[in-house]
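Thanks for coming. I will take a few minutes to walk through one chain, so please have a look at it first.

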Amino acid sequence: NPIITHKAVSKMKTLLFSFRRYFIFFLLCLFVFAGVPEEFAEDKSFFHGFVIPKPIIRIGLGVNLSDVKISSSSGVKVYEAKENYKLIADNVDEVWIKGNKEKLNEKFLIQVVQSEKKEDAEIIAQELRTKIESKVSVAQSTEDGAADTYQVLVGDFRTRQDALSYIKKLNSLGIEDTWILRENITEEESRPLWLLVNDELKSLNDDTVLYFIPSHARSFLSFKGRDYRGIFILQSTRKGVVLINVLNLDDYLKGVVPSELSPYQFSELEAQKAQSIAARTYAFKKLGLNEDLGFDLDDTPNSQFYKGMNAEHPLSSLAVDQTSGQVALYKGKLIDALYTSTCGGMTEDVEKIFNGPALPYLRSVECVYENQKEYSLASERSILPVYIDGKNISPQIAFLNSLGIIPLETDPVFYNVEVSLEEAKNWIGNAALIFGKNNPASYEGGTEFNVQRLAGLMVDSFGWQERVDNLMFPGEKDFVLKNSNGGDGDNGDNVAYLIQSGIFPPTDDLQDPERYISRGELIDYLNKAVLSHETPIEEGLFNRMEKDSVFIDVEKGEEQFVFSPDTYILINSHGDYFFASEVYLIGGEKIRWIEKDGLAVYVEIIDLPQTNVLDRSSPYRSWQVRKSKMDLEKRINQYYPIGELIDIIPQKRSESNRVVELLISGTETQAVVEGLRVRRVLGLKEILFVIDRDYDDSGSITYFEFNGRGWGHGVGLCQVGAYGMAKAGADYEEILQKYYFGITIGEIY
């Protein structure tokens, strides 16, 4: 039927038109509402127009706060968050929040077992409940380790001493591997919050949540003298008022990486990249770690050290940007990216340090680089020892000769002969000219040349007369020259000043007016005088050699000089100098040098590490700590009720020679301490150590001396070792794959 067909078609057109109209309306709504930023509490990307790019991380900047002052570089908006958001301050410079600080009490618990499985921990706890009357519970471990474990806990105990006393009962039941845990608990009380803004005091409810939003997109917030990207949230928790910094993860890392691995001291981009990926992986793995307090990680080394924008540096920020989204994976899963400052030459298996499973990617590895390059500096030039009053001054001769102050004589006898007036005037004048002192060396008097006249010549040539006149008082001169004849008038003042300055030695015979000066003595004095100025000697870290050109990293970039076999090479070992005919360098060594016309005439290598380990540039590559028996006894009894300390004896060492099991013997009991607890109980930098002991006449120990290597827990990436690898030419992937076995680098965003 054509009429029916026509009507049907018309109806269909009407329906299609209506559908199209509603569909377009639906698309418009979808576009509009999809384009509207969701509230921060829901999406965590926007808040009232302030954008925080994903991924987001929440960092706790303080717990149990009472006085909080927040400011902004260009204004801050404050919102009160309840069912709806309420703007309570708009574009203000600073806000003060005052609240009564939570009263935190403490309790102590005794950990008796740690298990990888919660079910196993529950079985052990149930069995223990049949043997003791005290409370037994199971909790997830909060110890900084490589994997989640479950603790079997006994107690609550009101004091540490109560817990220590109860350990004896547990020991009698055969439970010896105990550990005391301290936990803060909150006493409920009224905590009225007050907010002061624009001289107006506002009362806030106990459950108020405040959001602090920069007024402008590129603005930042400040708290306790530090600046932060993102926004702040302030809220009440079971542990008092908490301030949280919410920001983009990479922005967070820009404040973490330079705080964990200084780009000033460890200025290799590939090392900074390795640190960036380790820190990013760690952060993702630990998201939600402090969920009960409203944040993921805190800003302390307990999580990762985070100092906000103040710590940011162009090099570490570049490393974060160039590795954005990259993480370390093992079989497709995020690893526990533990890292340590200085491994001491070898990292450790994770299970030897932390309670938990033996993770295949956290294994012990020697901190050396198989592709390490070596560079040789060789010289045929040296000076035979020249002794003045038992002191070898040949290094000073080389130094002053390199500066052109004195000539070089190969016969040691030359330096023991009395210096002439003309020689003294020439040498002192040459030294003064180096520092722009164009004062003609004057000398008045007869032909005699003694210490008083030398003092006057040096003061006059170096232009120190004003120092003598104004920086020494009469009483000081009398004190310095007492029991000696240092001279009267100006002569006495000059001698006293040079003694006080450390250029002349404070010896009575030197102040004798009849005593003359040898060439060697004058060289010693001139060396000290030159070093008291800003000397024309450069300093940096050895980088590499290309043929006869030496490249040095300095603060402003890179410099180079040409080395020749006629260059003095000296080793400065903690202030003791000696000549070297050949040295081997691998990068990072501290060097001082003097050059003329681009050619090095003097090279000094400071504290040359006699090792090839990658963390050799760390000040903690070796250390020594001396503790009295009494101090250690007091410390140990905070953890174990041993009574009087008898001895500390390593029982087991790991593959890296760390003390992973330690027997502590006391008059009341003995304790076996394992893993990282060894470091905590003894208060040491690392557990890679040996023990020396001092004894009294009765044979009892009086002091323990710990000689060790490294700083940290020794597991995973060695941060200074990463720098050493980067100096040797390794890229960040090679660095990470050395310290984390079998991993791959993947992208998570």
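What percentage of the 749 residues of the chain count as buried? The figure is 50%, where buried means under 20% relative accessible area, exposed over 50% and partly exposed in between, with a 1.4 Å probe and protein chains only.

Two notes on the source. This is a predicted model, in which local features need pLDDT of at least 70 and side-chain atom pairs count only at pLDDT 80 or more, while totals for chains, interfaces and linings use all residues. Residues are numbered from 1 along each chain as its sequence is written, and side-chain values use heavy atoms, with hydrogens and water left out.

The overall counts are 19 helices and 39 strands. Both are DSSP runs numbered from the N terminus: helices are H or I with at least four residues, strands are E with at least two. Taking contacts with a separation of 6 or more, 70% join residues 24 or more positions apart; contact means heavy atoms within 4.5 Å.

Now helix 15, residues 519-531. Its 13 residues reach 18 Å from first C-alpha to last, close to the 18 Å expected at 1.5 Å a residue; the expected span is 1.5 Å times one less than the number of residues. Of those 13 residues, 11 are buried, among them Leu 522, Ile 523 and Tyr 525. What do the buried residues of helix 15 pack against? The partners include helix 9 (394-402), helix 10 (421-434) and helix 11 (451-462).

Last, strand 37 (residues 701-708). It pairs antiparallel with strand 32 (residues 623-628) over six bridges, and Trp 623 stands opposite Gly 708. Strand 36 (residues 689-695) pairs antiparallel with strand 37 over seven bridges. Strands 36 and 37 form a hairpin with five residues between them, and Gly 699 in the turn has a positive phi of about 90 degrees.

Notes: Two strands pair if DSSP finds at least two bridges between them.
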